[in-house]
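Reader: I am new to this structure and would like to be taken through it step by step. Could you start with the terms that I will need?

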Amino acid sequence: MFSNLKEQPADKILALMQLFKDDPRPQKIDLGVGVYKNAEGITPVMRAVKAAEKQLWETQETKSYVGLAGDPAFADAMISLVLGDMVARENVAAAATPGGTGACRQAFEMIRMANPDARVFVSNPTWPNHLSILSFMKMPVVEYRYFDSNTGGVDFDGMLADLAQAKPGDLVLLHGCCHNPTGANLNLIQWQMVVDSLLKTGATPMIDIAYQGFGDGLEDDAAATRLVASSVPECLIAASCSKNFGVYRERTGILMAVAQDSSLRGLTQGTLNYLNRQNYSFPPDHGARVVTMILQDPELRADWAAELEQVRLSMLGLREQLAGELQRLSGSDRFAFLAQHRGMFSRLGTTSEMVDRLREDHAIYMVGDSRLNIAGLNKDSVPVLAQAIIDCGI
Ligand code: PMP
């Protein structure tokens with residue numbers, strides 16, 4: 001039986017992690033995997049998470065099941081964090097999921113239940129897991145233009161032209177902030193134009209928001225999601241707590257279905273509960289409970305927001321240092337986009353041959369599409385990376 005199975009492609013980023021581990025060169029720099037690292041190269045447990053976990057350990061009296069959609073308090077706290085007061089609570093159905101990935105998967109499942117012929121419009125490029133899950137589910141994918149490697153910014157005209165091809169019953173997947181893998185984002189005027197396009201075509205948007213607080217701050221990073229959710233008749237939002245709460249392995253995320261017609265809420269909530277039941281029954285609770293405790297307690301929340309802000313500013317500082325160093329070495333502004341990008345990632349926009357050279361000649365590891373994790377740098381390694389980029393003639 002098992003011999004009938006086909007070999008599956010290895011995850012490229014995980015394979016890169018292994019290569020890095022096996023590299024004996026002491027000066028090696030890992031800009032591959034998508035986790036936040038501080039200047040010492042550590043992915044720390046956030047202070048507020050530690051404090052909430054301690055409190056939880058002391059007070060939790062049962063680990064009995066919660067509910068198919070998770071704890072309603074988690075949904076309330078996350079809806080408020082992501083949507084603020086832009087959308088009435090009765091317009092939102094929500095279910096906790098195992099991470100943002102689980103939310104994406106459930107979102108695709110829900111769309112397929114609503115329309116078995118739905119096409120999913122995705123940015124070119126997008127987070128590879130979107131493509132992998134959609135291909136596994138055999139859902140048709142249509143790419144829309146997004147990254148312009150000449151400018152390091154968004155090919156907005158191309159994007160709008162491609163989104164105009166969407167139809168009612170299609171899903172348009174958008175990154176709420178801090179686009180992965182490029183780091184290039186729309187401004188709010190452009191977001192309004194995307195909303196206008198969605199209203200015109202009648203396609204349904206899905207926002208994947210995995211980095212709220214990593215770009216321009218907790219509120220600014222949610223602005224596009226709030227604009228879309230308050231403007232279109234229906235949308236889906238997949239939110240991850242992995243990065244902004246640093247609870248990667250706890251698998252903490254949520255899927256929200258927003259409908260202006262609040263009479264649909266029973267149907268959407270029932271569908272989200274049903275999908276959780278079919279796929280894994282009750283969603284993980286530990287991370288969600290910790291997140292809820294932090295968001296509900298003013299002191300913990302303030303401390304979490306302060307630590308997150310420090311994380312955000314440290315990445316911005318590294319971006320500015322890198323762009324400045326490259327400007328000095330190249331005598332040009334062609335790397336200025338690195339300071340304009342937001343979030344943990346930037347796409348350099350170079351070839352996979354150059355990425356190989358950076359790895360082979362300089363022990364600098366980045367993903368083959370030239371995505372680099374800014375948080376993999378520190379102030380001492382920025383000049384090393386800048387020099388290597390110049391030495392490779394990028
Ligand atoms: N969407 C995007 C765009 C991401 O980059 C990530 C994290 N790599 C996720 C969703 C979900 O991550 P997780 O399942 O770990 O919460």
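Author: A residue is called buried if 20 or more other C-beta atoms lie within 10 Å of its own, and exposed if 12 or fewer do. The model itself is predicted.

Reader: With that in mind, which residues are buried in H7?

Author: Helix H7 covers residues 188–201. By the cut-off of 20 or more other C-beta atoms within 10 Å, the buried residues in H7 are Trp-191, Val-194 and Leu-198.

Reader: Within what arc do the buried residues of H7 fall, seen down its axis?

Author: The buried residues of H7 line one face of the helix, because, seen down the axis, they fall within an arc of 55°.

The side turned away from them carries exposed residues, namely Ile-189, Asp-196, Leu-199 and Lys-200.

Reader: How far apart are the end C-alpha atoms of H7?

Author: With 14 residues at 1.5 Å a residue, H7 should span 20 Å. The model agrees with this, since the end C-alpha atoms of H7 are 20 Å apart.

Reader: Turning to H4, how many of its residues are buried?

Author: Helix H4 takes in residues 99–114, which makes 16 residues, and reaches 23 Å from its first C-alpha to its last, close to the expected 22 Å. H4 is mostly covered, and the number of its residues that are buried is 13 of 16.

Reader: Is Gln-106 buried or exposed?

Author: Gln-106 is found in helix H4, and beyond its neighbours within four places in sequence it is in contact with Thr-97, Leu-255, Leu-272 and Leu-275. Because 27 other C-beta atoms lie within 10 Å of it, Gln-106 is buried.

Reader: Which element gives the largest share of the shell around the ligand?

Author: The ligand is surrounded by 13 residues, and the closest are Gly-99, Gly-100, Thr-101, Ser-240 and Ser-242. By class, the shell has nine polar, three nonpolar and one charged residues. The largest share, three residues, comes from H4.

Reader: Finally, what is the radius of gyration of the protein?

Author: The protein has 14 helices and 13 strands. It is as compact as a globular protein of 394 residues, because the globule rule gives 21 Å for that length and the radius of gyration is close to this, at 21 Å.

Methods:
Residues numbered from 1 in each chain as written. Predicted model: local features only at pLDDT ≥ 70, side-chain atom pairs only at ≥ 80, totals over all residues. Helix = DSSP H or I, 4+ residues; strand = E, 2+ residues; numbered from the N terminus. Expected span 1.5 Å × (residues − 1). Rg over C-alpha atoms; globule rule 2.2 N^0.38 Å. Near = placed C-beta within 6 Å. Nonpolar A, V, L, I, M, F, W, Y, C, P; charged D, E, K, R; others polar. Contact = placed C-beta atoms within 7 Å. Arc of directions from axis to C-beta.
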